[in-house]
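Hello,

Here is the structure you were waiting for. Please open it alongside this email; my notes follow below.

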Amino acid sequence: MKTIDEAAGRSGRDPGGVRLLAATKSQDVAKIRAAIDAGVHLFGENYVQEAKAKQSKIPDPVEWHMIGHLQRNKAREALRLFTVIESLDSIALARILHQEAERQEQTIRAFVEVNLAGEETKSGIGENEIVHFLEEVERLPHLRVEGLMTIPPYREKLEEIRSYFRRLRRLQEELRELEFPNIDLHELSMGMTHDYPVAVEEGATIVRVGTAIFGPRKE
Ligand SMILES: *Cc1c(COP(=O)(O)O)cnc(C)c1O
């Protein structure tokens, strides 16, 4: 995608280090097929039921990530539907995902969702709790934590959003310096339609874009 390549260029990054995830919530299967034809192969869904319905109609070998809050009673199904759970937001969820993965003799990959602004309305682990969180999930061998994900507060001004992306990047660096033996936080999932070029400039390895690809969502 040209915009991603240009943003990577501005910050001296290799555009190959940024993957485009198409966020498909409330978008229909025809539009997803068109995106596949246009070369998109990574998709994100917010709800297990919706993902299940769509995936049954899309046999293509594309990759699906869970990007919405995952209820614990949907963990088993999520394991079957998604390659990565980007929205790991509690120890309880981590434990149940681990338990299900162990039962199925597999490993589930996940990113920790970080709630940088401490917004009550959003899920995610607070910056102050994340070291403790990683100490806990490190003991779960069937859960592989590979990165951080965030949804910053909405701001009209992109420069205000940039500071959140910087914080996530800095947090990633700090956590990597702590050298958790079983955790390699190499992924940074950040940036949506309104702000993804800024996220790329600040180090995103995955941008999650919905509206800019599919047009407005049906509510
Ligand atoms: C809907 C959604 C997106 C995409 O949002 P757009 O503004 O349409 O690009 C990205 N990430 C998450 C977690 C979402 O729920």
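L93 counts as buried, because its relative accessibility is 1% and the cut-off for buried is under 20%. Keep in mind that this is a predicted model. L93 is found in helix α5.

What does L93 touch, leaving aside its neighbours within four places in sequence? The contacts are L70, R72, S87 and L88. K74 is a separate case: it lies 19 residues from L93 along the chain, and the two C-alpha atoms are separated by 10.0 Å.

Now the helix itself. α5 runs over residues 91-103, 13 residues in total. From first C-alpha to last it reaches 18 Å, close to the 18 Å expected at 1.5 Å a residue.

Which residues of α5 are buried? They are L93, A94, L97, H98, E100 and A101. These residues cover an arc of only 165° around the axis, so they sit on the same side of α5. Note that H98 and E100 are on that list, along with L93.

On the other side of α5, two residues are exposed: Q99 and R103.

What do the buried residues of α5 pack against? Two helices come up, α4 (75-81) and α6 (130-137). The strands are β4 (84-88), β5 (108-114) and β6 (143-150).

One last point, on the backbone. Just after α5, E105 takes a positive phi of about 50°.

Best wishes

Definitions and conventions. Residues numbered from 1 in each chain as written. Predicted model: local features only at pLDDT ≥ 70, side-chain atom pairs only at ≥ 80, totals over all residues. Heavy atoms only, no water. Helix = DSSP H or I, 4+ residues; strand = E, 2+ residues; numbered from the N terminus. Expected span 1.5 Å × (residues − 1). Buried < 20%, exposed > 50% of the residue type's maximum accessible area, 1.4 Å probe, protein only. Arc of directions from axis to C-beta. Contact = heavy atoms within 4.5 Å.
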